[in-house]
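Let's take a walk through a protein model together. Have a look at the sequence and the 3D view first, then read on.

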Amino acid sequence: VRAVVLNWNSAWFTRRCIESLQRTDYPADRFEIVLVDNGSVDGSLERLRSWFPDLRIVANGANLGFAEGCNRGMRDRRGVDAVALVNNDAVVEPGWLTPLVDALVADPTIGAASARLVLEPGFIPVDLDAAHDVGVRHVRTDGIDVTAALRFEGFDAVSDAAWPLAVTHRLRSGRGRIWVPASSEVREVSLDFDGPVRVSSPGAEATGGSPVRSATIGVDAVRVNLLNGIGTARNARCEGYDRCFGVPEGDLDEEARQVIDVQGVCGGGALLRSAMLDDVGLLDARLFAYYEDTDLSWRASRAGWRVVAVPASRIEHAFGAAGGSRAAGFFHLDRRNWWLTAERNGTEEQRRTVRREVRREVWTAVRANIAGRLKRRRAPSLALIGAWVRIIADHRIERTRRDHPSRALPGARQTTQVLGRFQPRPTPAVPAPRPWGPVPVRVDVTDLVDGGVRPSTAATWRSPLDRLAARATVRTLLQDHPELDLTAVVVDGSGVAVVAGPREIAELLGSSPVGPVPADDPMPAVGLRGPVLRVRPGGPTEPVISDAGRGVVEAGPDASADAIAAELSVAGRTIGSTGRAGSVPPSRP
């Protein structure tokens, strides 16, 4: 079995995933891990190479999407009976692989098997009782906003007419439940509503009583695990979805724990038989991301292969940690790939259904954003309509290419032609806050790497040894403190702070850059959150928090990395409790 993990600017998550894969309870001579990097610009590939020097790495040099990125790791399958796809933001249990292999061994007609994916972290149930229509404004855990990660029961999901992926949730006079994500360290949940509501939570403190517009709950240690999915399915519109999404894991009955036939596997945790891939092809590179697993599963089923879910295989998944569903790129790929997947695999009746649904969605967008707004004497909104125009144009081009009779099986040929002509180009972004993850930290390394430029006065080190000592300290923090998620930042010649790239990270690690030069430009450091570390000449030997509100930690070149890490953790908690975040490190030390 070969496990393929795809990385794109996400060193912390990918390291954790690979470390969990290395603990897999399976014969070492029959299990290998392949890391594929899609042209990371944040130096994560260099860090991963340092952590895992014996790992086989495929460096693509550019973002080829999930489909072709994974294909690069599984196209050469000589001697490989099955390929496992595992998302880099997932953590496997030691026994995750054996049940999947056993399923394939027990039935040679099984072409793909999906694991049981469980949402990370656990969730706290908060029950609401409202006499009137009430909406949720904000929910915070220990001061950090987690509103976008909530799960709802009994609420109406209300989409914005101008952008349907912008969804708000409202409770229509009655009872409902919010599932709040919270790690075991979280001790307090704060909720704000736009109307009065009674709040209660099993085992929580300071709940119940009179209706309130805001509430703070002291939380005990009990957490409920919710399912991300047990395989996938398709609805009447041929849209793919995760089976059992949001269901408490403990609610699974005994029958649901057996190997079961499903319509699709989730590419976040699945085992694919090589013989099936030989028969129907790999992931379709032109889909780039989203629906590539639905398309592969559908092709396998049409060719006579069974597709199953194996709940005995358990993987925890930090759902949405690597992307955002409100972005224009997601909307384009989701709608275009849904349409293309149905066109390729569906019956004529299913294809007609999808075309009818596309026309309905386009007409709804026109009516709501042009006719409706003009009727209310408001300016038309063209964002959604423009998105649909690009989707329709892209679909027309891609369908012609995908259906060409001279084409080989999907994924058979290596390609760099993965972007649709009208597809929004994905750009690297700084890590989003993860309140249940490590402490995010920004460290200004401009004075520690060659080529870093201060627009004003250059920092003066007492000696080259001081600079080397400061580099060693930052290197230790980067590589040996998994409780921190460090992002190195440099100031370029124009005075702009950007995320340090492969060359700078390699220099800090005392190594050479791995693979080709990334195609993407450096990431601007705008939007980075968390405490700021400054290792500066003449800084204190014992690190100090010089600005608690912004979480600025200052240290000299002789300060202990362990002591710095401890102060950064304190600063991170201070920022979390106040809800504040520091700015990008300034250009002067």
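This is a predicted model: local features need pLDDT of at least 70, side-chain atom pairs count only at pLDDT 80 or more; totals for chains, interfaces and linings use all residues.

## Cysteines, helices and confidence

Cys 17 isn't in one: its nearest cysteine sulfur belongs to Cys 70 and sits 11 Å away. What about Cys 266?

Are Cys 17 and Cys 266 buried or exposed?

| Residue | Relative accessible area | Class |
|---|---|---|
| Cys 17 | 0% | buried |
| Cys 266 | 14% | buried |
| Asp 466 | 10% | buried |

Asp 466 counts as buried because its 10% falls under the 20% cut-off. You'll find Asp 466 in helix H10, which covers residues 464-480. Leaving aside residues up to four places away in sequence, Asp 466 touches Trp 461 and Pro 557.

Now for a pair of helices. The axes of H2 (residues 44-51) and H11 (residues 502-509) come within 8 Å and cross at roughly 30°. That angle is under 35 degrees, so H2 runs roughly parallel to H11. On the H2 side, Glu 46, Arg 47 and Ser 50 make the contact, while H11 brings Pro 502, Ile 505, Ala 506 and Leu 509. Sort the residues of this contact and you get four nonpolar, one polar and two charged.

How far can you trust the picture? The chain's mean pLDDT is 89, and 91% of its residues reach 70 or more. Over residues 577-589, though, the pLDDT is below 50, even if this stretch has 37 contacts in the model beyond near neighbours in sequence.

Methods:
Residues are numbered from 1 along each chain as its sequence is written. Side-chain values use heavy atoms; hydrogens and water are left out. pLDDT is the predictor's confidence in each residue, from 0 to 100. Contact means heavy atoms within 4.5 Å. Axes are lines fitted to C-alpha atoms, for helices over the stretch in contact, and angles run from 0 to 180 degrees between N-to-C directions. Helices (H or I, at least four residues) and strands (E, at least two) are DSSP runs, numbered from the N terminus. Angles under 35 degrees count as roughly parallel, over 145 as roughly antiparallel, 65 to 115 as roughly perpendicular and the rest as oblique. Ala, Val, Leu, Ile, Met, Phe, Trp, Tyr, Cys and Pro count as nonpolar, Asp, Glu, Lys and Arg as charged, and the others, Gly among them, as polar. Buried means under 20% relative accessible area, exposed over 50%, partly exposed in between (1.4 Å probe, protein chains only). A disulfide is a pair of cysteine sulfur atoms within 2.5 Å.
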